[in-house]
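Welcome! Take a look at the structure below, and then we can walk through a few questions together.

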Amino acid sequence: MMYLLCMPQPPRIHTNKSSRRVHYIAEWAEKRGMRQSDIARDLEVERSTVKRWFDGAVPTKQDHLERLSELLGTDDISALFRHPDDDWIARFLRDRSEDELDRIIQTLKAAFPRDDPKTANGGK
C-alpha cells in the first residue's frame, strides 16, 4: 500500500479544457433571464441543488427535469440537452421526410461551400 503514495500523479493531457457537460440548463436559464435563485424558488429546491445543475450535474429526479423544462419554456425535456440557440434548428427539422432532409443538406452545402475539398462533399 505504501508504494501508492510514492507514485507520481499522471500529467493532465488537456489542462486547458474543462469537462463537458451533457446539458444546457445554465444557457437556457440565461436565455430566459433567470438566475439560480429564481429557479430554486420556483422549483422549491435548495439553491445548492440548482448550483450543482449549473455546474454540470444532471438532475436525477424526473420531476425536476419536467418542471425545469416547463419553467424554462422548452418543448420537452430533451431540449435541455441541446443549446438553446440550436432549438430553432431542431424544430425546423422535426418531422421532415428523408427527401426533405436531403434537399436541405444539399441546399446548405451549395450555399456554404467549404474551403477544404475533403469536407466539401461530406468527406468523400
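A nonpolar core is a set of buried Ala, Val, Leu, Ile, Met, Phe, Trp, Tyr and Cys residues joined through side-chain atoms within 4.5 Å. Keep in mind that this is a predicted model.

Q: Which residues touch the most other members of the largest nonpolar core?
A: This core has 17 residues. Those that touch the most other members are Ile39, Val50, Trp53, Phe54, Leu68 and Leu72.

Q: Which element gives the largest share of this core?
A: Two or more residues each come from α2 (25–31), α3 (36–43), α4 (47–54) and α5 (62–71). The largest share is four residues, and the element that gives them is α2.

Q: Which residues is Ile39 in contact with, leaving aside its neighbours within four places in sequence?
A: Ile39 is one of the residues that touch the most other core members. With those sequence neighbours left aside, its contacts are Ala29, Met34, Glu44, Val50, Phe54, Leu68, Leu71 and Leu72.

Q: Is Glu44 buried or exposed?
A: Glu44 sits in the loop between α3 and α4, and its phi is positive, about 55 degrees, although it is not a glycine. Exposed means over 50% relative accessible area. Glu44 has a relative accessible area of 71%, so it is exposed.

Q: What is the relative accessibility of Asp95?
A: Asp95 is found in the loop between α6 (87–93) and α7 (98–111). This residue is not a glycine, yet Asp95 has a positive phi of about 65 degrees. Asp95 counts as exposed, with a relative accessibility of 74%.

Notes
Residues are numbered from 1 along each chain as its sequence is written. This is a predicted model: local features need pLDDT of at least 70, side-chain atom pairs count only at pLDDT 80 or more; totals for chains, interfaces and linings use all residues. Side-chain values use heavy atoms; hydrogens and water are left out. Buried means under 20% relative accessible area, exposed over 50%, partly exposed in between (1.4 Å probe, protein chains only). Contact means heavy atoms within 4.5 Å.
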